[in-house]
Amino acid sequence: MKYKKVDHQITDKLRAIVGAENIVTDPEALENYSHDETPLYSSMPEIAVKCTSTEQVSGVMRIAHENCIPVTPRGGGTCLSAGAVPVYGGIVLSLEKMTKIIEIDRDNMMVVVETGIVTEQLGKELAKQGLFFPPDPVSLDSCTIGGNIAECAGGPRAMKYGVTRNYVTGIVAVLADGSVAKMGGKLLKNVTGYDLINLIVGSEGTLAIVTEATIRILPLPKIVVDLLIPFVCVEDATNFTVELLQTDIMPAAIEFMEGDVVRIVSKYLKKEIPYMNANAHTIVEVDGNEKPKIQAIYSRIGDLALRHGALDVLVGEGTRDRDKIWEPRKKIGDTLKDLTKNVTREDLVVPKKQIPQLIRGLKNCAKKYEAKVFAFGHLGDGNIHADVSVEKTKQLTASEIDKMRREMYETAISLGGTITAEHGVGLSKIPYIGIAIEEKQIDLMRKIKTIFDPKNILNPGKIFPNS
Ligand SMILES: Cc1cc2nc3c(=O)[nH]c(=O)nc-3n(C[C@H](O)[C@H](O)[C@H](O)COP(=O)(O)OP(=O)(O)OC[C@H]3O[C@@H](n4cnc5c(N)ncnc54)[C@H](O)[C@@H]3O)c2cc1C
């Protein structure tokens, strides 16, 4: 597909739609829109436009469609698969100014939002009314609901509450030709034809731009308690998790940090973390509404952990203690960015019993390239993040990184897993999608993409090989 460049005439038309204050052409400012949080990927857009309404998004898409200009939708730019990188230049369409909460409907336990709202901001506004949107990507202070929808984001609480997909019941979607499709509503059940909402959720901005969403909400649990449980090894932590999830207890989260991660975060934070020599720190979160019940649950969890060789069970009940427990987990991204030379950030998932084998396998792959794996993530749902780094003085070639990643993906797949649980294929995993799913599936997906976007202007160069 040959794309047209954004010339003066097109810039004028875009300016007429969004206003001069919402156009970015200065190269220094445009640089912010050339990358997301994926290491090693960037590409300059020709222009960025900040839309403030569905009508504006539709107007921009009409111009892009008429002129065959690629458009990359963008929320908070926290993507970890280079999905927000405008690989063919063109227009970055930012939703950052579409942050309104349109309605909080308590009767139906639904909220209607513009999708540029930052996830944490929505959470804070709902909490004021005792309400709760559970999906909680660790990036929630800067990612947006639109990005969460596009990636079907999860987070620590996905284990108990599910992922973004489980909450979206309606969307307003701007299609590639600029037409606007309203789908679903405040409906908990809806089988009227194919489920297009769930096709668009997780489609990484390649099928439509979601400008508005109707989202199911829950009552905010009154009590939340976190347990920090260090184990001697990953096997013990995994066996504890596997057994815990066979009981009638459903924790809100079971998170994990390998010993090397804990030690490097401690160095970054310049503070001691309890049991620094342990090789697997877990965080188990329990929530509910009655204190005695919660206490009974966490003491059962503690007993089980100790039976599995836990070194201790530290209980965080108040906000201060809970924040202290979570701080190292939340600072992993910043730490590894600052203190290591990151070559890839992986997001693998296996049946949870296989986690120790997965981590051992990843380390073996990395060792061949003198690289180091920092493993952490969502132990409760088998989703392990593996940030792979090399010494600051060392350089890996693109071909070495490619070989190492391929071996890592093959390891995950051989254990019954796949190559991405929540970060998406984006740009960075395109060469590997064929290892994970059959050609027939890829072909069906390509056909769907062609129906939605025959000119291939909506986030082109993502998900599919040679697109
Ligand atoms: C430190 C850190 C921790 C993270 N933790 C988690 C985690 O726990 N769980 C998890 O799932 N992810 C996590 N992520 C990944 C990332 O934050 C999520 O994928 C998030 O949902 C991206 O949202 P965003 O607004 O930043 O989207 P962006 O990065 O701006 O975009 C992501 C993709 O969505 C598309 N897009 C954005 N907005 C729209 C829209 N309105 N309509 C259509 N397409 C759109 C873009 O084109 C792009 O393909 C983490 C990232 C970082 C940096």
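View 1. Helix 5 contributes the most to the shell around the ligand, with 5 residues; a residue counts as near a molecule if its C-beta atom, placed from the backbone, lies within 6 Å of it, and helices (H or I, at least four residues) and strands (E, at least two) are DSSP runs numbered from the N terminus. This is a predicted model, in which local features need pLDDT of at least 70 and side-chain atom pairs count only at pLDDT 80 or more, while totals for chains, interfaces and linings use all residues. Residues are numbered from 1 along each chain as its sequence is written. Of the 36 residues around the ligand, Gly75, Gly83, Gly146, Gly147 and Gly205 come nearest. Two or more residues of the shell come from each of strand 3 (71–74), helix 5 (145–151) and strand 10 (209–216).

**View 2. The ligand and the two domains.** Because domain 1 (8–97) and domain 2 (101–219) both give residues to the shell, the ligand lies between them; the domain bounds come from an automatic or database domain assignment.

**View 3. Ser53 and Thr211.** Ser53 lies in the loop that runs between strand 2 (47–50) and helix 3 (54–67). Although Ser53 and Thr211 are 158 residues apart in sequence, they are 7.7 Å apart in space, C-alpha to C-alpha.

**View 4. Helix 1 and helix 3.** The axes of helix 1 (residues 8–18) and helix 3, which are lines fitted to C-alpha atoms over the stretch in contact, with angles running from 0 to 180 degrees between N-to-C directions, come within 9 Å and cross at roughly 165°. Helix 1 is therefore roughly antiparallel to helix 3, a term for angles over 145 degrees.

How values were computed:
Parallel < 35°, antiparallel > 145°, perpendicular 65-115°, else oblique.
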